[in-house]
Every structure is written in structure tokens, then in C-alpha cells.
Amino acid sequence: MPSTEPQSQPTTPSQPQSQRQPGNDHDQHIAVIGLGNLGRVLAGTLLDAGYRVTVWNRSAARAEPLVERGARRAETVAEAVAAADLVIVCVLDYAVVRELLTPAADVLAGRVLLNVTSGTPEQVGDIAPWVAAQGASYLDGAVYAVPQTIGTPSAFVLYSGSPAAFTAHRERLELFGSARFTGERPETAAGYDTAILSGMYGMFAGFFHAVALAETYGITAADLTDPLVRWLRDAAAALPGFATEIDAGAYATETSNLDINAAGLASILSASQAQGVPTDLLAPLQSLFTDQLTRGHGADSLARAIESVRGVGGVREEAGVEVAG
Ligand SMILES: NC(=O)c1ccc[n+]([C@@H]2O[C@H](COP(=O)([O-])OP(=O)(O)OC[C@H]3O[C@@H](n4cnc5c(N)ncnc54)[C@H](OP(=O)(O)O)[C@@H]3O)[C@@H](O)[C@H]2O)c1
């Protein structure tokens, strides 16, 4: 893989980054491939910051508003890649990423490819070596923002892959939201993303159950949501403490233990059944608590439920599911 460390001679836009000036100037040329909801905001953010931006999108008309703001529209993906030091790909999925980049393989060498398309670690593990084999540096980005919040203080992006590419382009990456490098393995950011989004969907499951139950008591979703969100913020504040216990494998607690939480959840399930609300979303959590109680851990922290999720001596193992390690 060629060095992504910037050199000190002036160059033309078509030269790859390895031959270009240090990263804190606006001489950097950036390509954005994929101008959907997210990609066009990333491109617009770079234009607003004064960078030279080349754009490509399957539906060419989507490029027009950006061209009016100063972007150059490439006719092909290869033309966009050839124009840029940093190539940002933001499309539907990894099949599209591969489909679009394959015809541009010959012009990837020496450039940085930043892929912010959402995917799994397995998908990143497939594309990253291919990009490296073309002589480009690979960065993966997991975006925690919606298009409307890109560039605002709440936005952040986790990156993994080439440390040199991250360092060289950090100034540009910070335009999208605070930029955090999570590791040299290209798959790491996608690992964070898959895990973080699974936490988000767990929260949504709780919300949907809460709304269905509240409605049976004559409480609207809107009325419920204000106090629910206030309480969830407090509940989320307990997670770093749980994380410390989990990483240490030490679950002794003086406060809210598994016994009290299992009793609380049992009463919620019972109330839900009485109201005719299905318990499918919450009952699996009760199974984890019950598993730990039957193992004699009721006095331990709620965080001990992780031992049953991992399946080490827990419910998955009892169900006959093979457990790694
Ligand atoms: N939107 C967000 O808030 C957000 C946040 C974090 C991460 N992401 C991730 O960012 C990626 C893009 O999201 P988005 O919201 O921008 O999606 P989107 O609005 O649906 O845009 C999808 C993009 O992919 C292109 N595309 C789809 N199929 C294609 C094909 N076969 N060949 C060429 N181009 C194709 C579309 O081109 P056309 O315009 O021609 O259809 C469009 O540019 C996704 O992986 C998403 O998970 C999005």
C-alpha cells in the first residue's frame, strides 16, 4: 500500500494524495460517490468548507444542486476517483460499493477510499483487502447522524482502517461530526456500528412495548414519551457502571440487584398480559434474569445478565446452541 503521508511538492488535482501537499489546506480534491440523503449532505458540507468536490450519482440529476454550488459532476465513477485524493463512497449497500468500484480499480492506487456505506464487519473484511490490493488506503466510517445533523455538535463518526489516512484527512473528517479512530482493523468501526445499532433497536423494542401498554391505560404515545425519555436518559447513565462490572467480571452490588429487577419485570409482564398486550418483546429479557437467578446470582448486579446473553453456561448453551470459547 502506498504511503498516505503527505509530501511537500505542489501538484495538480489529478495526482493522488501520496504526491500532494499536507492535509490542512483546501488544495485537497475530494470525490463523493453516491448522492442520496447522506452523500449529498457530505458533499455539500465539503463545498461549504471550500474544498474542490467532484460528485457522481447513478441518477445524474441528483448532482445538479451540488453543481450549482460549485461541484464538478463526473460522467463515471472512475473519472470521479481519478480526480480525487479522498474518495468518499456513500451508497445503498456493499454490493453496490463493489459494483461501482470494480470499473475504477485501475485509478484507485495512491488514494484514500473512505466508505461510509453501512455494513457488517464481514462485508468490510471483504472489500477492504480488495481496495488495498488496488494500492489505495481504506478507511471505514460509521456515521452517527442523520443528514440534518451532519456538522452539528451532536454528530460523530467512528473510523477504522489506515491510521495514516485518518491522520492525513482528519481536518476534513471533522467537518461531518467529531471524528474518532477506533483501530487499524478495517472491520472495527462496523463492529461498533453493528453493536451500537443493536442497542438502539433494543431501546425501540422497549418503546413500542411501553406505548402499547400505555395506550391500554388511556395514555397517548405523546403523553408517555416526555417522562419516558427523561427516565431513559437516567437509565442510560447506569451503562458505564455496568460496563465496568462486565469488563471486570465483578458483579457485587449494594443497589438494584437481579432479584429486584426480575420481580419488577415479572410484574410488568403480568400487567401487560392482563391488558392483552403481547409480551414477546420483553419476555426474552425475563428468561435471562431467570437463568441467572436459578444459578444463585440474585444478589448480584443486573449487569450479570450479560453472562446469559453470551451463552457461557447460560440459556443459549442449555438450548443446545454451540457457544464459541
Ligand atoms: N441517511 C442517514 O441518516 C444515514 C446515517 C448513517 C449511515 N447511513 C448509510 O449511508 C448509506 C447511504 O444512505 P442514504 O440515506 O444516503 O441512502 P439513500 O438516500 O437511499 O441513497 C442511496 C444511494 O445509493 C445509490 N444506489 C442505490 N443502488 C444503486 C446501484 N445499484 N448503483 C448505483 N448507485 C446506487 C443511490 O443512487 P440513486 O440516487 O441513483 O438512487 C443513492 O445515491 C447507507 O448505507 C446508510 O445506511 C445513512
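Student: What share of contacts between residues at least 6 apart in sequence joins residues at least 24 apart?
Tutor: In this predicted model, 61% of those contacts in the protein chain do. A pair counts as a contact if the C-beta atoms lie within 7 Å.

Student: What makes up the contact of H7 with H8, by class?
Tutor: Ala210, Val211 and Ala214 in H7 meet Ala221, Leu224 and Leu228 in H8. Ala, Val and Leu count as nonpolar. The contact therefore has six nonpolar, no polar and no charged residues.

Student: What is the span of H1, and what is expected?
Tutor: Helix H1 (residues 37-48) has twelve residues. From first C-alpha to last, H1 reaches 17 Å, close to the 16 Å expected at 1.5 Å a residue.

Student: Which residues of H1 are buried, and what makes them so?
Tutor: Among them are Leu38, Val41, Leu42 and Leu46. Each is called buried because 20 or more other C-beta atoms lie within 10 Å of its own. The buried residues of H1 pack against several elements, including strand E1 (29-33), strand E2 (52-56) and helix H6 (163-173).

Student: What comes just after H1?
Tutor: Gly50, with a positive phi of about 95°.

Key
Residues numbered from 1 in each chain as written. Predicted model: local features only at pLDDT ≥ 70, side-chain atom pairs only at ≥ 80, totals over all residues. Contact = placed C-beta atoms within 7 Å. Helix = DSSP H or I, 4+ residues; strand = E, 2+ residues; numbered from the N terminus. Expected span 1.5 Å × (residues − 1). Buried ≥ 20, exposed ≤ 12 C-beta atoms within 10 Å, placed from the backbone.
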